[in-house]
Structure formats: structure tokens, C-alpha cells
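Subject: Structure handover

Hi,

Here is the structure I promised to pass on.

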Amino acid sequence: MKSLGVRRHFWMILAWVIAAQGNPAAGLTRERPNVLFIAVDDLNDWEGCLRGHPQVKTPNMDRLAARGTLFTNAHNQCPLCNPSRVSLMTGLRPSSTGVYGLAPGLRDVAALRDHVTLPQTFTRAGYTTYTCGKVYHDGSIAPKDRAAEFQTWGPAPGLSRPARPMARLPEPRHPLMDWGPYPERDEDHADYQIASAAIQALQSAPQDRPFFVACGFRLPHVPCYAPQKWFDLYPEEQLRLPAVLDGDRADTPRFSWYLHWILPEPRLQVLKDFGEWKPLVRAYLASISFMDAQLGRVLEALEATGRSGGTIVVLWSDNGWHLGEKEITGKNTLWDRSTRGPLIFAGPGVSKGERCSRPAELLDIFPTLLELASFPPRPDLEGHSLVPQLKNPKAPRPWPAITTHNHDNHGIRTERWRYIRYADGSEELYDMRKDPREWNNLAGNSRYASVRQDLSRWLPKVNRKPVPGSAHRILTYAPESGEAVWEGKPIGRSAPIPQ
Ligand SMILES: [Ca+2]
């Protein structure tokens, strides 16, 4: 028995070495599925299929979910673009990579320099690989390192801007903090052009080998611009605002504010003061519907190639977004509003029309795609393949979803609970079945001490300090002195919370 195990191990390693060496022997790749990998930026659970907003219109995402499996309890590993994407593409937790901010890029981290990423796996195996739009965080991969990730890098245009900002906000504002109907024509919007690039890549992909096409949409990330007709889907008079609780932060620890101490995103009170809460909600909805329409164009193009039946489609969003909940807008929190988003798989090996409520992580995408495309498993990855749930959405799953924001702040999400522990030891606990909006922090209630204790065993054991070069949204905390430092400046233990 022992020698059999050793022999199997040998063959697994040999298969991995062949795959990793990029030896696309004809039969090796021809049988493998194609992958259409779709990233969305800052999209929370406001999709028709996730029911996060009662009015949102996302027919294309809903159709994709209906022809595959939707994870209704999927969470990112960090509620911020760069670290979330570094985690997904490396298959490692932020607490293991030490990447918590918008910098550094993944290949600028010494320990990650030679780590084989998700797209690199497919590139090395002889797939035709292509990326357009924002898949890796902008600028995260230096030009000299790009070809090792994807063979071809298509266009990644940013959003053009109107002559003057449209949202009324206090000045000076961050240039991204704007929303409104712009530009006039769909064709002039970055996401339209990104979809067109992905369509062209699908149409021109060689027939004699599988493809991995990655397409990263920019919306609904700010600035929330979309042509007027997308705003017309959401008449202002009938618009429903998200439910918020006055004084919601009275029972969240002071440390919860440190995670988003000073940010470009306006607080709810500022939006109210300037009459911009409704316009922002409307623009976010319009942006989602516009992005969804571009997704529809890409999915139709895939159908038209005749290769849809052999293509795994996976759609995810790097982080969520608050629109007034917990008194803020933006991300950088460990609540569902920042951590929860769409995760949809469709294609060969995936059950149709299923919804899975087991906790899932974006970290699971890497091992799931490896298994679906018959690559050997990678023991160094920290996620777990979702293939059992793609076959049967009720298949058990022992692991919670874990989200980390900056060093040693973690959120643990199971089907029933949300548990948060910050670097200073302060805690939150929510019963998500009774309190899905996380309004009632139960951490101080001794009745739930054993629940807290049970959940805390999932806190990551590895907690890397921010790697050299870490910048933008970096929070550190020194337990000895009790001093928290936000973006290089000490916060002060009794400093007023910025409004
Ligand atoms: Ca993002």
C-alpha cells in the first residue's frame, strides 16, 4: 500500500512538472475546457440573483447564474482591489502574502516572485491566454512580467471623465468621487470597449487549443458613470434606498473605524448634507446594469463561437461596497456589505440552476479551476475546490469564509454567523439568520461566548506583517503601546472619528 501511495505521488508530481513546464503536447490540452474568467470591480450583492437590492436589473448575470451554480454566501479575502486580486491570483490569503494595500504589486514581493499564479498555470500548459480591462489591479504587474502571466494583454482603458464633476461634494475631492449620466453613447464607455476586446479575443482564439480569456469590467467602481438610458431604468421618484439604522455604530468597536479612518469615499452624513445619497444609489444601480449589458455582449459572443459547451465561465467581484450602511460608503470593512459578492460558475462539470449557500471564498476559484480543467491539485494553495458543491450544492463544506483587512483583523463567516476580531482584540458577532444587516453586535453577550470561541479557532495562524513597499489604506497597530497608525500617521487613542 505504501509503495502504491509513493508511486501515485510520483505520477502526480510528474504530471504537474509536465504541465508547469509548458509542454502543450497535442492531446494534453485539446481535451481541456476553455475558461472565460470575468472580474467585476466593487460589486456587492446588488444582483437580481442575489436579491441585494429589490430594484436592480441584471438580466445577464441572472441568466448566467441560471445556467450554472450561484454561491449565495461567497466572500472576498480582502475588501480592497489589489490585495483581493493578489489573493485570488496566487491562491494565498492576505495574511500569508502580507499584501494589504494598493501597493506593492504581486511580483514586487520577494516571496511571491516565483509563485505560479492562476493564469500562469494555464499559460504554461499551452492554453491561449488573454486579458483585457482590470483583472490584476492596475499597475500590479510590471510590463516586463506581463507575458509570464497572460500571453496577450489587450486594452485596459480607464473611464473618461466629463469636463466638470457632476456630483455635489465638498472640495477638494478625490477625482474618482463622482457619478452621473456620462458619456452619451455606450460605445464611448471603457466597459463597452473592454467587452469588445474580450469578444474579439473569443472570436479569434485558435481552434486547436483551449483558451483562457480574462475580462475585467471597471464598473460599478467609482466614478459611477453610465449613459442616461441606464439611469432611466431607475426613476428617482421610485428609488429604494438601502436600509440603515441610525446609531448603527454605537455597538461597533472604535477599532472598526480605524479600518477606514480617512478615505476618499464620503460618509453617509456628507451625502445627506449635499443631497447626494439618492443620486449615488441611482448611479451605482445604473452602473451595474450597464456593466451587466456588456457582460451580456461577451456571453452572446461566446455562444456564437460554438465553444460555449466546452467553456467554464466564472464571474466574481473583488470586493463589495457600502452605500450608506454602517454610516459610510466604500469598502475597507469586515461586514457583509464589503465582503459578500457574486460568485458564479457555469459550463462543463457545473450543475445548472443551482444556488449554494455554503460559505465560499474567492480563494477557492484557483483550486476549483485546476480541478475542472484536470490539473493536478496544488497543496500550497489555501483555498478549497468547490467542485463538490458544483456537483451538489448541498454537499457539506467544513470551512468558513475568512476576510482579512490589514494585519491581524479578520472576519469569519459561516452560514449562521459573522465573527470579527480586530488587532486590538475587540470583537463583533452577528447572527446572520436573525440579523442579516449586522445591526445587533452580540460579542458582549455572555450567552454567545462559546459561539465566539468556536469561531475564533478559524482565525488564521499566519499573520504576516505588511510587506516592504506597502502603501495606500495601510493600518498598523502596536499592542504594546496601543497605538494605531493609518497611512503612516498615528491616529491617537481619543482622536475624534473623521466625518
Ligand atoms: Ca475593487
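Below is what I found in it, going from the whole chain to a few local spots.

First, two notes on reading it. This is a predicted model, where local features need pLDDT of at least 70 and side-chain atom pairs count only at pLDDT 80 or more, while totals for chains, interfaces and linings use all residues. Residues are numbered from 1 along each chain as its sequence is written.

**The whole chain**

The protein chain has 16 helices and 21 strands; these are DSSP runs numbered from the N terminus, with helices being H or I of at least four residues and strands E of at least two. Its radius of gyration is 22 Å, close to the 23 Å that the globule rule gives for 499 residues, so the chain is as compact as a globular protein of that length. (The radius is taken over C-alpha atoms, and the rule is 2.2 Å times the number of residues to the power 0.38.) The C-alpha trace spans about 65 × 60 × 45 Å along its principal axes. Of the 499 residues, 50% are buried. Here buried stands for 20 or more other C-beta atoms within 10 Å of a residue's own, exposed for 12 or fewer, and partly exposed for anything in between, with C-beta atoms placed from the backbone.

**An enclosed helix**

Helix α14 (residues 365-372) has 7 of its 8 residues buried, so it is largely enclosed by the rest of the structure. The buried ones are I365, F366, P367, T368, L369, L370 and L372. What covers them includes β1 (34-41), α4 (81-90), α6 (118-124), β9 (311-317) and α15 (387-391). After α14 comes S374, with a positive phi near 60°. F375 sits in the loop between α14 and α15 and is partly exposed, with 18 other C-beta atoms within 10 Å. F375 and T121 are 254 residues apart in sequence, yet 8.9 Å apart in space, C-alpha to C-alpha.

The axes of α3 (residues 59-66) and α12 (residues 277-305) come within 7 Å and cross at roughly 50°. That makes α3 oblique to α12: under 35 degrees counts as roughly parallel, over 145 as roughly antiparallel, 65 to 115 as roughly perpendicular, and the rest as oblique. Axes are lines fitted to C-alpha atoms, for helices over the stretch in contact, and angles run from 0 to 180 degrees between N-to-C directions. P59, N60, M61 and L64 of α3 meet D292, A293, L295, G296 and L299 of α12, where contact requires C-beta atoms, placed from the backbone, within 7 Å.

**A four-stranded sheet**

An open sheet of 4 strands runs β15-β16-β17-β18 with antiparallel pairing; two strands pair if DSSP finds at least two bridges between them. β15 (401-404) and β18 (427-431) are the edge strands, each pairing on one side only. The twist averages 10° from one strand to the next. Helix α16 (residues 449-456) packs on the sheet, touching β16, β17 and β18, and its direction makes about 75° with that of β17.

Which residues cover the two faces of β15? A401 and T403 lie on one side and I402 and T404 on the other, all of them buried. Antiparallel β15 and β16 are joined by 4 bridges, and A401 stands opposite R413 in β16. In their hairpin, with 5 residues between the strands, N406 takes a positive phi near 65°.

Best wishes

Notes. Two residues are in contact if their C-beta atoms, placed from the backbone, lie within 7 Å.
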